[in-house]
Amino acid sequence: MRLIAHRGFADEAPENTLAALEHAASSGADVMELDVRRCASGEVVVHHDETVDRVTDGSGRVADLTRAELAGLDVLGSGEGVPTLAAVLESVPDSLALNVECKEVGVAAEAAELLAGHDGDAMLSSFDRDALAEAGDAAPSVPTAFLTDSLRNRPVSTAVEFDCDYVHPHYFLPLLSKLVPRAHDAGIEVNVWTVRSPSIVRLLGLRGVDGIVSDRSDVL
Ligand code: G3P
Ligand code: MG
């Protein structure tokens, strides 16, 4: 089963930083998941929340802060600022694939183009259909994943509609045992999020999921 380090194993390392990238690579992850949005000076930066308040010593919206201002912050006491996606791509080791989650429409095209120019394996994921469409138009060769926490979003049909290679349902989604074979029949792999418990991982393995997103490196 594929192990995807959620924000770089967020229980163990400062989320979405270069330190987390290193930690994920050295702790057995196959893939690092990270979140991207656009900052005030235009770069694609790696940050989960709309504001920097929760995880840095600063405050304000990412969209209102420049790359230099974000770089000068301290993420969760690591001494490291908010990195750009370009910096992550320069640092990622060959052994580690990336799952770049687009938190906004309007960032996906550039993120997809950056991934298309990257030597290693990388996919782009989003809850937002418009972001998936944007990525598909900008860089059709980059694999994509449809993220969802609701069956109302018709996970497999939507993944097929947007030509995704993966569907990423929440692990709590009902009828997962039906979703997995339907996805596989359509040639789509299933990675579920965000799992902390080894016993749930065992159950998900029995249901045939292909990968899990986790905050912990020891969950398998
Ligand atoms: O990849 C799944 C997960 O990252 C989606 O939720 O809020 O942690 O980005 P969130
Ligand atoms: Mg995410």
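Predicted model: local features only at pLDDT ≥ 70, side-chain atom pairs only at ≥ 80, totals over all residues.

Author: Buried means a relative accessible area under 20%, exposed means over 50%, and partly exposed is anything in between, with a 1.4 Å probe and protein chains only. Residues are numbered from 1 along each chain as its sequence is written, chains are lettered from A and ligands numbered from 1 in the order in which they are written, and side-chain values use heavy atoms, with hydrogens and water left out.

My pick is helix H5, residues 129-138. Helices (H or I, at least four residues) and strands (E, at least two) are DSSP runs, numbered from the N terminus. Over residues 1-220 the chain is 30% helix and 20% strand, with its end C-alpha atoms 8 Å apart.

Asp128 caps the N-terminal end of H5, placing a side-chain oxygen 2.8 Å from the backbone nitrogen of Asp130. That counts as a polar contact: N or O atoms within 3.5 Å, one able to donate a hydrogen and the other to accept it within protein, with sequence-adjacent residues counted only if both atoms are side-chain atoms.

Setting aside residues up to four places away in sequence, Arg129 touches Phe146, Asn153, Thr158 and Phe162, where contact means heavy atoms within 4.5 Å. A polar atom of the Arg129 side chain sits 3.3 Å from the backbone oxygen of Asn153. As for Phe146, 17 residues separate it from Arg129 in sequence, and the two C-alpha atoms are 7.7 Å apart.

Ala131, Leu132, Glu134 and Ala135 are the buried ones in H5. Down the axis of H5 they fall within an arc of 160°, so they line one face of the helix; the arc is taken from the directions from the helix axis to the C-beta atoms. Asp130 and Asp137 are exposed on the face turned away from that buried side. What the buried residues pack against is helix H4 (108-116), strand E5 (122-126) and strand E6 (144-148).

Glu134 is the one I'd zoom in on. It is buried yet has no salt bridge, and Arg38, the nearest side chain of opposite charge, is 6.0 Å away. (Lys and Arg count as positive, Asp and Glu as negative; His and the chain ends are not counted. A salt bridge needs a side-chain nitrogen of Lys or Arg within 4 Å of a carboxyl oxygen of Asp or Glu.) Instead, the Glu134 side chain reaches the backbone nitrogen of Ala109 at 2.9 Å. Beyond its neighbours within four places in sequence, Glu134 is in contact with Val105, Gly106, Val107, Ala108 and Ala109.

As for the charged pairs elsewhere, the structure holds 14 salt bridges. Arg2 forms one with Glu189, the closest N and O atoms being 2.6 Å apart. Since Arg2 is in strand E1 (residues 2-6) and Glu189 in strand E8, the pair ties together parts that are 187 residues apart in sequence.

Arg7 and Glu15 meet in another salt bridge, 3.1 Å from N to O. Arg7 counts as buried at 13% relative accessibility, and Glu15 is buried as well, with a relative accessible area of 8%. These two also belong to a network of salt bridges that links Arg7, Glu15, Asp35, Asp49, Arg54, Glu101 and Lys103.

Finally, Arg216 pairs with Asp218 in a salt bridge, with 2.8 Å between the closest N and O atoms. Arg216 is partly exposed, with a relative accessible area of 25%, and Asp218 counts as partly exposed at 47%.
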